[in-house]
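Biologist: I have a structure to go through with you. Could you show it first?

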Amino acid sequence: MQPRKLHNLAYGIERVGLIPLRTPIVSAIILILLCIVASLGIERLKVDDSLSQLFRSETPEFKQYEEVTKRFPSAEFDVLVVVEGKNLMARGSIEKMRDLVTDLQLIDGVRGLISLFSARQPPEGGNLPAPLFPETLPTGAEYQALVKRVLSNEIIRGKLISDDGTLALVVLSLDPKIVGGTGLNTAVGEIRKTMQDDLEGTGLTAQLSGVPVMQLEIRNAVERDRLLYNTIGFVAGCLIAIAFFRRVSFMIVAAGPPLIAILLSLGALGWLNFSLNMFLNVMTPLIMVISFSDSMQLTFAARDRLIAGMDKYQAFREAVLVVGPACVLTHGTAGISFIALQFSNSDLIRTFGEAGLLATVVALLAVLSLVPLLGVLLVRREAAFAAKIKGADVGVDWLRRFCRWIAQRMVSHPGLYSLIALVVVAGLAGIYTNLQPRYRLADQVPDKRQAVEASSRLDAKLTGANPIDVLIEFPKGADLYSAGTLATIAAVHSIVEKQAGVGNVWSLDSLRRWLAEKAGKVDVATLKEYVDILPEHLVRRFISADKDAVVVSGRIPDVDASELLPVVEKLDKALNSVREAHPGYRISVTGLSAIAARNSADMIGKLNHGLTIEIVFVAAFIGIAFRSFAVMLVSVLPGIFPVVLAGTVLWLMGEGLQFASVVALTVSFGLGLSATIHFLNRLRLEDKPENDPAVGVERATILVGPALILTSVVLACGLAVMVFSDLPSLRLFGWLSAFAMLAALIADLLILRPTAMYLNQWARRLRKRSAVGQ
């Protein structure tokens, strides 16, 4: 690894940082204007709280799902009120519940409501059926007989009330404009207040679930997390910087560029109409991670030169020219990490990759430009600073002694240590390959709020809260009430309700069966009459507005997608018999649960495959940048180690690869190579052909090691902040990324040094043999 001219490493891109040194005042004015514009852009950021965002794509399955939600707008706008208590069927409780249902219908934004009070008695004498619950509830034995009729009613049993009569479900259909707008928070708040007021003193508990409630909880969690992470990131960056540099001006020089990079990046995302979601919400700590390490390296290099006696202009110019190329490469590898996310089918993950790439470019320009700009504007009395700090830099001196000790041990037996590293990484990689894809809807929703708990109660008592739909589209000209159509609906309904794992099945056939059971027979005219008297919002749940399609809807529990997939596949296969018997009807299994079961494993697998491609491309990128095949090989083991070690930890915990974990590993790989690149950049400067390679490794370690150790710890702490999130996926992303960063530091100290030493020796021997041969 022969020394090369510095500008060749990054093709002179680092010289962008020299511009503010020539015109610091003009640059400062431009910076202030950009910050003002960015602040306005942040105000434009909105939250995308859709539960289907992970699977949003151009695939036929998702297009069909979107079409179904438009034609049958039910689950997308349903608030589920879960009322539970051992005394639920007591007369007093039923009266209170009926009051609650009445009051809920009066809330602004509620289009309609379904509850056990919606049930009717069997038709008699051709008259309209009376309500199952009379206006005045009976008492004594008559009331007990009413309870038995309620618990045996085929329309509501197992659907709106549990078999044991301890849990009731009230389904509120909200106006779509409320769900998609700012009024959702008000509407849900009104529902909660009404529940509390009407059920007070009854001993009954009431919780909310459903897509709108989950969306609201996601929205609130995203906004809360953004404030939390921005605050903690700002405070942590400032405290670490001032403790490290022991001077406020250097604190601002080191911590200012990453914080300004956050402002500029989020502002750019706002102006480009990006929406915050569960992944884009991690942009703040990620931008801090991307930029803080390089900002510290530049500041540290300038600080060393100030201590050596240079003036501030010369010190920061030298820092940009020496450390700048490595900064360009570290941001380049981070950019490749985000580009790798474009291999995903998910619009959400691809958007995260696009936003991350944009943030990487902004962070690079911010760090290269602002460190020297703030340095020349804020650093004063360089000579006095140099005289004061000499001999009193206890913390840095201790870290340098530690780095020297590590370097001396690692270069003593480079071949042996490299072999051990290779065996360890290979073993961990073998365990990593055993990780299986995992996905649960509950992992995308705050688990410390009501929605998840209420859904779990529905899973336990009413077979599940997550809808699964079978869409039946009629052949052209077919009538809803024709014999063929009704037979098709009945056959599909029968198969769905018999499918293990699916319950709470509703369709037009539910009404037909009930009429047939209670009246002995049912003709088309009677069925049509009953459909016509139902509320419009209820009819639209199962019959399209133009009456050319219907839905058979069931519920399934929120379990891992790997457990749901066999259920969906068996159901789809069982429906083949109906397709053959009624060839003109198009029958499709759809719904968010079906899409998740079918696509999650494939999408996670492709992301994991993209990580493999990323490792190859990043290694090649580094090798090309350094013009060295040996450097390319050197970067592989320390780059892979944190990924496979983190994967092994997941395996030991019994966890699989989730979307959050594979994205965390993909991004962490690119970010973790920052230490490797800064070390290799310094090594190529310190390595002299006439010297022992161990000398270059030791000097490079001493010069860059202290900053690498501190920044790795700081960045890991910054990522770990996400464990305070209410979103399980963000907590997983946070601790796994933090762990991977620390693993990258270990790899840098214990794998990179001996590997670089061994391959350096190998390259020198090849050159000697080549020279002798000539």
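Biologist: How many disulfides does the structure hold?

Modeller: First, this is a predicted model: local features need pLDDT of at least 70, side-chain atom pairs count only at pLDDT 80 or more, and totals for chains, interfaces and linings use all residues. Residues are numbered from 1 along each chain as its sequence is written, and side-chain values use heavy atoms, leaving out hydrogens and water. A disulfide is a pair of cysteine sulfur atoms within 2.5 Å. The number of disulfides in the structure is zero.

Biologist: Is Cys-403 buried or exposed?

Modeller: Buried means under 20% relative accessible area, exposed over 50%, and partly exposed in between (1.4 Å probe, protein chains only). Cys-403 has 0% relative accessibility, so Cys-403 counts as buried.

Biologist: How many salt bridges does a search of the whole structure find?

Modeller: A salt bridge is a side-chain nitrogen of Lys or Arg within 4 Å of a carboxyl oxygen of Asp or Glu. One of them joins the side chains of Arg-91 and Glu-95, at 3.1 Å from N to O. Searching the whole structure gives a total of 19.

Biologist: How far apart in sequence are the parts that Asp-164 and Lys-461 tie together?

Modeller: The side chains of Asp-164 and Lys-461 meet in a salt bridge, 2.6 Å from N to O. Asp-164 lies in the loop between helix H6 (140–152) and strand S4 (167–174), and Lys-461 in helix H17 (residues 450–461), so the pair ties together parts whose separation in sequence is 297 residues.

Technical notes
Helix = DSSP H or I, 4+ residues; strand = E, 2+ residues; numbered from the N terminus.
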